[in-house]
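Keep the structure open beside the text.

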Amino acid sequence: MKFTIEEVTVYFPYDNIYPEQYSYMVELKRTLDAKGHCLLEMPTGTGKTIALLSLITSYTLSKPQSPLKLIYCTRTVHEMEKTLAELRLLHDYMVKCLGPAAKMLALGLSSRKNLCVNSCVLTAENRDSVDAGCRKLTASWVRALAAENPTVPTCEFFEQYERAGSAAVLPPGVYTLQDLRAFGKEKGWCPYFLARHMVQFANVVVYSYQYLLDPKVAAIISKEMQKESVVVFDEAHNIDNVCIEALSVSVRRQTIDGARRNISRMRQEIDKFKATDAGRLRAEYNRLVEGLALRGDLPAADGWLANPALPDDILKEAVPGNIRRAEHFMQVLRRLVQYLEGRLETENVEKENPVSFVFSILNQVGIDQKTLKFCYDRLHSLMMTLEITDTDEFLHIQTICDFATLVGTYARGFSIIIEPFDERMPHIPDPVLQLCCHDASLAIKPVFERFQTVVITSGTLSPIDLYPRLLNFNPVVSRSFTMSLTRDCICPMVLTRGSDQLPVSTKFDMRSDLGVVRNYGRLLLEMSSVVPDGIVCFFVSYSYMDGIVNSWNENGILKDIMQHKLVFIETQDVVETTLALDNYRKACDCGRGAIFFSVARGKVAEGIDFDRHYGRLVIMFGVPFQYTLSKILLARLEYLRETFQIKEGDFLTFDALRQAAQCVGRVIRSKADYGMMIFADKRYSRHDKRSKLPGWILSHLRDANLNLSTDMALHIAREFLRKMAQPYDKTGGTGRKTLLSQEDLEKIVFDGSMNDILY
């Protein structure tokens, strides 16, 4: 369908549109007009992705004199593929309406592991090994050797891509990762380097958050992106955590041992070069004396990860004299590793700010702040000079130089925390030295400054007013949308006590209480006998899930539950969890029904949908607070209180409730779907906790569904399921309209109000 929003003709590939999609597009257009940033919360399963893609691509078409580029960031490869599939549908519709004028180039970009087509390289088991395998075949010095000696292996796909030169381009169209691999095989070109080259010419680019937020990757992949771009962070409820992880580094004993091996190997390489090709080391020294940047003129295949500091914080000057010579730099690294090893030999938890830590390094091993700042760039230059291709072997020294550069660059927003063991397992010595970033606004600041519009959107951004404070920006639009439904297909409940009227909670002083464990078990047992198909249970942690499942097994509750449905459990092993999920789906498909035990902060809670019969009920056992004794969390809370005036309790509750909302939102993935949500903890009945849930959940949480016991919840579940079994009008012909047609939209444009149509 085609419709107009304030002089912009929007092309939408479906015959009907949800009212909230239309409202979402209106707010998005206001943001684009204002050339500012926005925060938009829209319920899951209401077509957020297609609304974004339709409006932004249509807006670009309406302004041919200043075309906008769309950079769409997702968290996982699965989400990237889903986005590109929606975009292909939209692209086909636009070409059908407008002809060749609407053609565009859209592509997904991922790591070599997901794009490589060279079977020799793909045999490596992890991403770093695939990257190193690629460098061994494509580095400029390897190819120069191969030109003289044909027995030296190279990558045929890369060679053909290089030979094609400027002819190596992608024709207009929408390319998923699978399409890129197929195109690369057909042409004989390397899909990874082709995609990286085409990113700067594409109208739409879909890739991971890290490609914009992690300075090491962003400086290589995203440096060519134009200012006139719209950046979309989808499913961005955890964006503050992603920003913090991008600038945090951990050093363990294994890192120290690995770094020592790396330094020995590099010293051997330096001695070898001194004997055979001293001119190369001299040339590097001269280049560093003149302060020439190595970064600009590197061939794409030689580029390693960039500096871990943010672009504005990198010193634009020559490398200090004391680390220009390779052997001198090795001495500095050796002293730094020795110092860090000494700091790990502690029996108490230590916390320090970067300024005092840098001063301590200067006092004890004589390495100044400026030298630390340049560690990463100097290492990168030396790796290139020594022609090292197996970069996966050098990850440890890279981590040390990451740490040195960041600690030398930033004085505020960071802490160094040294822990001799994990507090949850104090009898196992496992010392770790962590450089923790506490300020999420540091990593995202360059994105806000560089691009015209940044859209942060998700199904769970409540309370929405906390994000501008956490990320330190001023949105021009900040809006939360509700879900228009023809029937009440969401049934949230707050369960505060068992059938025996004992309160239930996962509070630390109550969680191991046998009465609580028994009541949680009875709740699941009763629900499994009433609810058809799939039930998903979320626990606050792996250890709590293990403990409660063991108790249920000893009490015989688990055996009773399995009379009704099969039970599958998420573990910390990805392969096991994938297998459990597949079998859970099979059990639901064949009608046997199943229960899936998961963890609120695990993999399943973030990326797996339990739509339709795969999830008719989700139970959230407890409030998923972070581990509140964590030294890193305590340091971050202190920083948030001092810098942004965010109280500890407010942040912890906000963080726990967004995680709980993310978990329960897994069951509703479209308006034709239906499901129940049980918040099983007495703390949810408190207004200060409950009010932080998203508006689309709160609007269905009636007073009658608060403060329930197990038998009352069971009665409500029976009534709800009976109601859902009745036939209904999907378009909302009787009463509220939830699907708008072309005529409805024309009427909205004519009348200037949506209320007449909806009611």
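Arg 143 and Glu 159 make a salt bridge, with their closest N and O atoms 2.8 Å apart. The term here means a side-chain nitrogen of Lys or Arg within 4 Å of a carboxyl oxygen of Asp or Glu. Arg 143 sits in helix H7 (residues 140–148) and Glu 159 in helix H8 (residues 156–164), so the pair ties together parts that lie 16 residues apart in sequence. Helices (H or I, at least four residues) and strands (E, at least two) are DSSP runs, numbered from the N terminus. Across the structure there are 43 salt bridges.

A word on the ground rules: you're looking at a predicted model, where local features need pLDDT of at least 70 and side-chain atom pairs count only at pLDDT 80 or more, while totals for chains, interfaces and linings use all residues. Residues are numbered from 1 along each chain as its sequence is written, and side-chain values use heavy atoms, leaving out hydrogens and water.

Now zoom out to the domains. The chain is assigned domain 1 (2–104 + 203–236 + 452–478), domain 2 (246–440) and domain 3 (490–725), with bounds that come from an automatic or database domain assignment. The centres of domain 1 and domain 3, taken over C-alpha atoms, are 32 Å apart. Their contact (heavy atoms within 4.5 Å) draws on 20 residues from domain 1 and 22 residues from domain 3.

How much area is buried between domain 1 and domain 3? It's about 1,800 Å², and carbon and sulfur atoms give 56% of that; buried area is the accessible area (1.4 Å probe) that two parts lose on being put together, summed over both. On the domain 1 side, Thr 44, Thr 460 and Leu 470 supply 30% of the area buried against domain 3, more than any other three residues.

The rule finds one salt bridge across this interface of domain 1 and domain 3. Elsewhere on your tour, look up Lys 82 and Asp 609, whose side chains meet in a salt bridge at 3.5 Å, N to O. Helix H1 (19–34) and helix H21 (466–471) each supply at least two residues of the side of domain 1 that touches domain 3. H21 gives the largest share of that side, four residues.

Ser 462 and Pro 463 are joined by a cis peptide bond, with omega about -10°; Pro 463 is in the loop between strand S13 (453–458) and H21. Asn 472 has a positive phi, near 55°, in a residue other than glycine, and lies in the loop between H21 and strand S14 (477–480).

Last stop, a sheet. Seven strands form an open sheet in the order S17-S18-S16-S19-S20-S15-S21, with parallel pairing; two strands pair if DSSP finds at least two bridges between them. Strand S17 (566–569) and strand S21 (708–709) stand at the edges with a single partner strand each, so one side of each has no neighbour in the sheet. Strand S16 (residues 534–539) and strand S18 (residues 594–599) run parallel and are joined by six bridges. Look for Gly 534, which stands opposite Ala 594 in S18.
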